[in-house]
Amino acid sequence: MRWYRIAQCLNVPVNGPMLRLKANDFAQKLGHNDFKCSNGWLDRFKSRYGLVFRAQPVEATGVSADPSTVWYQNVLPYYLNDYHPKNVFNIKETGLLYRMLPTNTFAFKGETCSVGKLCKDRITLVVGTNMDGSEKLPLLVIGKNRSPHCFKGIKSLPVCYEANRMAWMTSDVFEQWMRKLDEKFQAQQRRVVIFVESFPAHPEVNNLKSIELAFFPSCLSSKCVAMKQGIIKSLKIKYRQCLIKKFLSSVESSKEFTFSLLDAVDTLHLCWRAVTPETIVKSYEEAGFKSQKGESDVTNAENDTSLDLVAHALGAGVEFPEGLSIEEYAALDDNLETCETAPDGDSVHTKESKSDETGFYTSDEEDDDGSPGTELPLPSKSEAITALDTLKKFLRSQDINDGLQNSLADLENFINSLSPK
């Protein structure tokens, strides 16, 4: 019935045979292989919903509605009427050159980063939130190396991590991620809708129990994608500010600057937590999603420290390229390719890519840190306890709240519960 009403909104004439074909199609996708749509089923369906199929007036068939108008006035409200804002999600991919410093920007500007060495420092980042800003999906990071040296010994990450030779979203990665999210929402006994763009890398996923996928029409611009309106911008500005601060700290302490993929993952998680609900709500409103909360005052906190940060960089002898603002610096990789353009797009090899038969970069290649991999020993339990004691002394010399006190206790209990190594 949802499909029929959307077809009506789009002025697509539907008759009995079309409806029977679609019913059979849905049955196959839902795993009901024994279902055959009979005339009796169609009659009962029409009776239940009061449907009468009529010939479309000749004068109406020549009128073509603007697709964006139809989408915003008819299709989008139809979904929003069925789901509470907390259960309406949007996801979007963005490319990230995770080690790009301001002094390197002109080496990257204008590059598609589809081939060559520049590609080694890139990842694809997939962000998603719900409409009222109360929930952010865990970040999905797609890299080029399934097991980079910096992940050695790591059993848990604060993000979801996948890998393929192009560091792109693929149909396989998308389906696997949707099924993980579906399990999560099933456990919460929730029914949600996730809006995604119509790309080959975003296929229909069969047998989802708690997720309904809604695809933006391919004819619409990216303006309807909420993540593009300010959420990704906010995340990238925060990330690049953290990257510059880490670089300046190395310069000021006369240490070599190293920044691994693991450092990038940790920094992204930290910055993702700092993106505010106000920014999220405002982004959905600008994308045309009607907010239940009305207008919200959004602060540009991510921009407030940009001048101080640039001044700090200049003081340390690190110059921004002339005319480059922190916002432009954060947006330089926005147009990187992030999705396979065809179902077999992941099979593309580049001349400079050294990969094994599975298509992933091999460990004898240059490491994520930009140098041949050096394996550092993992800290022992006793070293972790000593480090925690130091952390406790430092934090308790500050004015911290009960939440941090409880987190310290949780950390101590967790470390003490581990077997000695």
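Colleague: Which residues form one aromatic cluster here?
Modeller: Tyr-79, Phe-195, Phe-216, Tyr-284 and Phe-289 do. Rings of Phe, Tyr and Trp (its six-membered ring) pair if their centres lie within 6.5 Å; planes under 30 degrees apart are stacked, over 60 edge-to-face, and the rest tilted.

Colleague: What sort of model is it?
Modeller: A predicted one: local features need pLDDT of at least 70, side-chain atom pairs count only at pLDDT 80 or more, and totals for chains, interfaces and linings use all residues. Numbering runs from 1 along each chain as its sequence is written, and side-chain values use heavy atoms, with hydrogens and water left out.

Colleague: How many aromatic pairs does the structure hold?
Modeller: There are 11.

Colleague: Why is Tyr-239 with Phe-259 called edge-to-face?
Modeller: Because their planes stand at 70 degrees, with the ring centres 6.4 Å apart. The pair links distant parts of the chain, 20 residues apart. Tyr-239 sits in helix α8 (residues 226–252), and Phe-259 in the loop between α8 and α9 (261–274). Helices (H or I, at least four residues) and strands (E, at least two) are DSSP runs, numbered from the N terminus.

Colleague: Are those two buried or exposed?
Modeller: Both Tyr-239 and Phe-259 are buried. Buried is under 20% relative accessible area, exposed over 50%, partly exposed in between (1.4 Å probe, protein chains only).

Colleague: What about Phe-247 and Phe-257?
Modeller: Edge-to-face, at 5.2 Å centre to centre and 90 degrees between the planes. Phe-247 is in helix α8 and Phe-257 in the loop between α8 and α9, 10 residues apart. Phe-247 has 17% relative accessibility, so it counts as buried.

Colleague: Which residues does a Lys lie over?
Modeller: Lys-22 is over the face of Phe-26, 5.3 Å from the ring centre. Lys-136 is over the face of Trp-272, at 5.7 Å. The test is NZ of Lys or CZ of Arg within 6 Å of the ring centre and within 35 degrees of the ring normal.

Colleague: New topic. Where is Ser-254, and what is its phi?
Modeller: Ser-254 is in the loop between α8 and α9. Its phi is near 55 degrees, a positive value in a residue other than glycine. Most residues other than glycine have a negative phi. Ser-254 is exposed, with a relative accessible area of 71%.

Colleague: And what is the phi of Asn-207?
Modeller: Positive, about 65 degrees, although Asn-207 is not a glycine. Asn-207 lies in the loop between β5 (192–197) and β6 (211–216). With a relative accessible area of 35%, it is partly exposed.

Colleague: What does Ser-283 touch?
Modeller: Ala-226, Gln-229, Gly-230 and Ile-231, leaving out residues up to four places away in sequence. Contact means heavy atoms within 4.5 Å. Ser-283 is in helix α10 (residues 277–286). Its relative accessible area is 2%, so Ser-283 is buried.
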